[in-house]
Amino acid sequence: MLDRVAIVTGGARGIGLGIAKMLFAKGHHLAIWDRDEEVLGTLSKTLNAGADRLLLQVVDVTNKAAIKEATDAITDHWSAPDILVNNAGITRDKRIINMTEEDWDIVLDVNLKSMFLCCKAVIPGMVNGNFGRIVNISSRAWLGGFGQVNYSASKGGAVSLTRTLAIELAREGITVNAVAPGIVDTPLLQNYSTEQRELLKKSVPTGRIGRVEDIARTVGFLADEENSYVTGQLIYVCGGRSLSNPSI
Ligand SMILES: NC(=O)c1ccc[n+]([C@@H]2O[C@H](COP(=O)([O-])OP(=O)(O)OC[C@H]3O[C@@H](n4cnc5c(N)ncnc54)[C@H](O)[C@@H]3O)[C@@H](O)[C@H]2O)c1
């Protein structure tokens with residue numbers, strides 16, 4: 001397998017870091033984008049890597065100019081990106097009565113508009129190279145989740161964006177797929193109390209909370225060079241939680 005140039009957004013921790021480790025272990029050149037400069041700075045050590053195969057770039061994925069600058073830097077350093085994993089995401093959970101317009105805008109900007117902006121930045125290079133793998137991290141919550149009208153809409157938008165881009169790019173050697181994690185043990189989940197975590201665990205048919213490696217393995221499958229005939233798909237990695245409709 002050829003080594004490729006990959007970007008993982010929100011790759012400083014959690015699921016993104018798991019995906020970054022997986023792509024790095026596969027031998028790809030890897031750019032990690034995150035807004036958290038402090039954690040980003042520790043990643044060369046975590047990945048045990050030098051600058052020849054790793055770029056750590058402070059990028060806020062809501063900032064079009066920063067995305068362009070980082071994409072250009074990758075292209076100058078190595079070559080145009082071949083793999084994009086749109087992973088950066090946030091929650092601002094509240095019932096609609098308490099949710100502000102700002103809560104709506106920030107979640108839609110970070111979770112959905114960022115996918116549009118990052119795709120816009122890398123797709124011309126992928127079209128030139130007649131190859132690309134785009135994987136968008138959605139969520140089981142796109143099916144609906146209490147207190148998550150903003151988050152759920154952003155993750156549903158990610159599914160629609162994936163399907164439409166897949167159609168548009170199918171003749172250019174570019175696949176576009178989405179992964180919908182269920183409940184995964186990451187810093188995002190630390191916002192929940194112990195009682196809430198126990199409740200969540202009980203709602204998973206397989207009886208355990210997901211690990212970042214569960215998600216990374218599926219992203220690895222979709223990002224694989226050989227995997228050219230799966231496009232526009234959403235793969236749930238949620239221990240079967242998508243099969244029922246938990247209200248939490
Ligand atoms: N953890 C879960 O249970 C779960 C379930 C379903 C889907 N997801 C999705 O998986 C993805 C990763 O979640 P996680 O649990 O690892 O989250 P996390 O909070 O642990 O990590 C998210 C990372 O994204 C970065 N980030 C946030 N906003 C950013 C921005 N504007 N620009 C650049 N980087 C930004 C953060 O700094 C952080 O490093 C998200 O899209 C999330 O919605 C998570």
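Predicted model: local features only at pLDDT ≥ 70, side-chain atom pairs only at ≥ 80, totals over all residues.
Close-up 1. A side-chain N or O atom of Thr 186 lies 2.4 Å from an oxygen atom of the ligand. That pair is a polar contact (N or O atoms within 3.5 Å). The protein buries 97% of the 840 Å² that the ligand exposes when taken alone. Accessible areas come from the Shrake-Rupley method with a 1.4 Å probe.

Close-up 2. At Gly 182, a backbone N or O atom lies 3.4 Å from an oxygen atom of the ligand.

**Close-up 3. The shell around the ligand.** The shell holds 28 residues (a heavy atom within 4 Å). Arg 13, Asp 34, Asn 87, Tyr 151 and Thr 186 come nearest. By type, 14 are nonpolar, 8 polar and 6 charged; Gly counts as polar and Tyr as nonpolar. Helices H1 (14-25) and H6 (149-169) each give at least two shell residues. Helices are DSSP runs of at least four residues, strands of at least two.

**Close-up 4. The largest pocket.** The ligand sits here, with more than half of its atoms within 2 Å of the grid points. A pocket is an open set of points on a 1 Å grid where a 1.4 Å probe fits, with protein on both sides within 12 Å along at least five of seven lines. Its lining has 48 residues (an atom within 4 Å of a point). H1, strand S2 (29-34), H6 and helix H7 (194-202) each give two or more of them.

Residues are numbered from 1 along each chain. Local features need pLDDT of at least 70, side-chain atom pairs 80 or more, while totals use all residues; hydrogens and water are left out of side-chain values.

Methods. Polar contact = N/O pair within 3.5 Å; in protein donor to acceptor, adjacent residues only side chain to side chain.
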